[in-house]
Amino acid sequence: SSPGGITATGAASPIVVTGLTNYTSYTFTVTATNSAGTSNPSSPSTSVTPKKSQTISFDNPGTQLYATAPTLTATATSGLPVTLTTTTPNVCTISSSGTLSFADAGTCTIAANQAGDATYIAAPTVSQSFAVSAKVPAAPTAVTATAGDEQAKVSFPPSPDNAAPAATSYTVTANPGGNTEAYKMSLGVLG
């Protein structure tokens with residue numbers, strides 16, 4: 001290395017040179033050695049300036065309920081701000097302030113990154129994956145029934161609960177008489 005004449009040896013590329021001083025600019029030359037001897041030095045490498053390393057602390061929040069909006073935080077040993085991003089936008093998104101929003105039940109994965117600056121190198125990415133549990137939808141409201149010949153047409157709007165994944169079926173149960181029957185349907189109106 002230049003400056004310092006620090007050397008490192010290895011059998012193949014890449015070779016890590018340790019013992020450098022942070023914030024000092026270095027270039028490197030390489031020689032090749034075999035049983036016949038050692039080559040002349042290569043042309044100098046591009047200049048690099050070592051920086052301090054940093055790590056990220058980012059705890060797994062555990063299973064989350066679909067209807068919630070928790071806030072996640074991560075910190076870097078450098079004190080620099082950490083950016084949180086989703087790798088599963090079909091399940092969750094995250095705001096710049098760290099607030100989660102859920103699009104569906106499933107597995108949410110959030111990545112924490114810190115790109116570094118003039119003093120610190122980029123931190124290794126830390127990812128956390130956790131389950132997002134579905135919430136039971138609310139019961140439909142404004143249920144009406146229209147009588148027919150040995151039948152009734154039961155009408156209602158879709159479940160009003162925006163805090164849960166959409167209902168995939170409804171069951172209508174007729175009462176009284178101890179003869180309760182359940183009818184399943186796809187989204188829409190049972191007729």
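**Reading cores, strands and contacts**

Author: Let's start in the middle: the largest nonpolar core has 19 residues, and Phe58, Leu72, Leu84, Leu100, Cys108, Ile110 and Phe130 touch the most other members. This is a predicted model, so local features need pLDDT of at least 70 and side-chain atom pairs count only at pLDDT 80 or more, while totals for chains, interfaces and linings use all residues. Residues are numbered from 1 along each chain as its sequence is written, and side-chain values use heavy atoms, with hydrogens and water left out.

Reader: What is a nonpolar core, then?

Author: A set of buried Ala, Val, Leu, Ile, Met, Phe, Trp, Tyr and Cys residues joined through side-chain atoms within 4.5 Å. Buried means under 20% relative accessible area, with exposed over 50% and partly exposed in between (1.4 Å probe, protein chains only).

Reader: And which elements give two or more residues to this core?

Author: Those are strand E7 (92-94), strand E8 (100-102), E9 and E10. E9 gives the most, with three residues. There is also a second, separate core of five residues, including Val154, Phe156, Ala167 and Val172.

Reader: What is Cys108 in contact with?

Author: Contact means heavy atoms within 4.5 Å. Skipping neighbours within four places in sequence, Cys108 is in contact with Thr88, Val91, Cys92, Leu100, Gln128, Ser129, Phe130 and Val132.

Reader: How do I read the strands and their pairing?

Author: Strands (E, at least two residues) and helices (H or I, at least four) are DSSP runs, numbered from the N terminus. Two strands pair if DSSP finds at least two bridges between them. In general, strands of a sheet pair through backbone hydrogen bonds, either parallel or antiparallel. Here, an open sheet of four strands runs E4-E10-E9-E6, with mixed pairing. Strand E4 (64-65) and strand E6 (83-86) are at the edges with a single partner strand each, so one side of each has no neighbour in the sheet.

Reader: How many bridges join E9 to E10?

Author: Seven, between residues 106-113 and residues 126-133, running antiparallel. Gly106, for instance, sits opposite Val132 in E10. Over in E11 (residues 144-148) and E12 (residues 151-155), five bridges make an antiparallel pair. Those two form a hairpin with two residues between them, and Glu150 in the turn has a positive phi of about 60°. Gly148 has Gln151 in E12 as its bridge partner.

Reader: Is Gln54 buried or exposed?

Author: Buried, because its relative accessibility is 3%. Gln54 lies in the loop between strand E2 (37-38) and strand E3 (56-57).

Reader: Which side chains does the side chain of Gln54 join by a polar contact?

Author: A polar contact is a pair of N or O atoms within 3.5 Å; within protein, one must be able to donate a hydrogen and the other to accept it, and residues adjacent in sequence count only if both atoms are side-chain atoms. The side chain of Gln54 makes one with the side chain of Ser78 (2.5 Å), and another, of 2.8 Å, with that of Gln114. Thr71, in the loop between E4 and strand E5 (75-76), has a polar contact of 3.4 Å from its side chain to that of Thr99.

Reader: How is a pair of aromatic rings described?

Author: By the distance of the centres and the angle of the planes. Rings of Phe, Tyr and Trp (its six-membered ring) pair if their centres lie within 6.5 Å; planes under 30 degrees apart count as stacked, over 60 as edge-to-face and the rest as tilted. This rule gives one aromatic pair. The rings of Tyr26 and Phe28 have centres 6.2 Å apart and planes at 20°, so they are stacked. Tyr26 is buried, at 4% relative accessibility.
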